[in-house]
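Here are some exercises to work through with the model open in your viewer. Try each task before you read its solution.

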Amino acid sequence: MAFDEDSRKTFPCPCGKGEIVLRYGSDDRGNYDSRNELSCPECKALYVHEPMYADLSEDNHGWVLKSLIEEDRKFKAGVEQKAKELYLSSWVYRLGLAKNKKEIWALTRGNAGICLKTFYKWSDGKSLDALRKEAEREFYYGNLKRIFIVCFVKPDLDALVTNEQDKKKLMKDLGMIVNS
Ligand SMILES: [Zn+2]
């Protein structure tokens, strides 16, 4: 795709031997576009551009160590596994208390991000039990905060993680206050 550059900014790459180049301009349809490139072979081997994970690293304009992303993925999978053992039953119980589709929607909408009307359309013809069953799958790391709230669960952090660093990370993700 064609890219017309209007301006650029450069920053040192993480190792300092090369550059992160941010280019601003427009694509071939004239729409605003930007590019973020790492012009350092050494860093390119170690980093990926994943702005979603930017909080894992120093400000490298969205470039994050691959190893950190992998570590993060393992951390989340570990917590999720443990949380399932301890609290999936609470979630299933809570879903069981939902008396109608609207309540199922209220319990899960934060995750799906869809409005009630759309949910009704999507769930048309599905039984309440089928919807409960599907909602059980919403039990995953990114949704734990919400699940703990709606299930009135006070998570046992020491059972979910094994060290202080992970505990802080988990507390932050669960929206709990962290003392530094
Ligand atoms: Zn570098």
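## Two helices side by side

In this predicted model, α2 and α5 are roughly antiparallel to each other.

**Exercise 1.** Work out why α2 and α5 count as roughly antiparallel, and find which residues meet between them.

*Solution.* 
- Start with the two segments: helix α2 covers residues 66–97 and helix α5 covers residues 128–136.
- Their axes come within 10 Å and cross at roughly 155°.
- Angles over 145 degrees count as roughly antiparallel, and therefore α2 and α5 get that label.
- The crossing of α2 and α5 is right-handed.
- For the contacts, look at W91, V92, L95 and G96 on the α2 side, which meet R132, A135 and E136 on the α5 side.

## The chain as a whole

**Exercise 2.** Find how many helices and strands the chain has, and how its radius of gyration relates to that of a compact globule of 180 residues.

*Solution.* 
- The count is eight helices and five strands.
- Read from the N terminus, the elements follow the order β-β-β-α-β-β-α-α-α-α-α-α-α.
- A compact globule of 180 residues would have a radius of gyration near 16 Å, whereas this chain has 22 Å.
- The C-alpha trace spans about 60 × 45 × 25 Å along its principal axes.
- As for burial, 14% of the 180 residues count as buried.
- G125, which follows α4, has a positive phi near 85°.
- Finally, take the contacts between residues at least 6 apart in sequence: 46% of them join residues at least 24 apart.

**Exercise 3.** Classify H61, F152 and T162 as buried, partly exposed or exposed.

*Solution.* 
- The cut-offs are 20 or more other C-beta atoms within 10 Å for buried and 12 or fewer for exposed, with partly exposed in between.
- H61 lies in the loop between β4 (47–49) and β5 (63–65). It is partly exposed because 15 other C-beta atoms lie within 10 Å. Its phi is near 55°, a positive value in a residue other than glycine.
- F152 sits in the loop between α6 (144–150) and α7. F152 has 8 C-beta neighbours inside 10 Å, so it counts as exposed. Although F152 is not a glycine, its phi is positive, about 55°.
- T162 belongs to the loop between α7 (157–160) and α8 (164–173). With 11 other C-beta atoms within 10 Å, T162 is exposed.
- To place T162 against another part of the chain, pick A77: the two are 85 residues apart in sequence and 14 Å apart in space, C-alpha to C-alpha.

Methods:
Residues numbered from 1 in each chain as written. Predicted model: local features only at pLDDT ≥ 70, side-chain atom pairs only at ≥ 80, totals over all residues. Helix = DSSP H or I, 4+ residues; strand = E, 2+ residues; numbered from the N terminus. Rg over C-alpha atoms; globule rule 2.2 N^0.38 Å. Contact = placed C-beta atoms within 7 Å. Axes fitted to C-alpha atoms, helices over the stretch in contact; angles between N-to-C directions. Parallel < 35°, antiparallel > 145°, perpendicular 65-115°, else oblique. Left-handed = near helix turned anticlockwise from the far one by under 90°.
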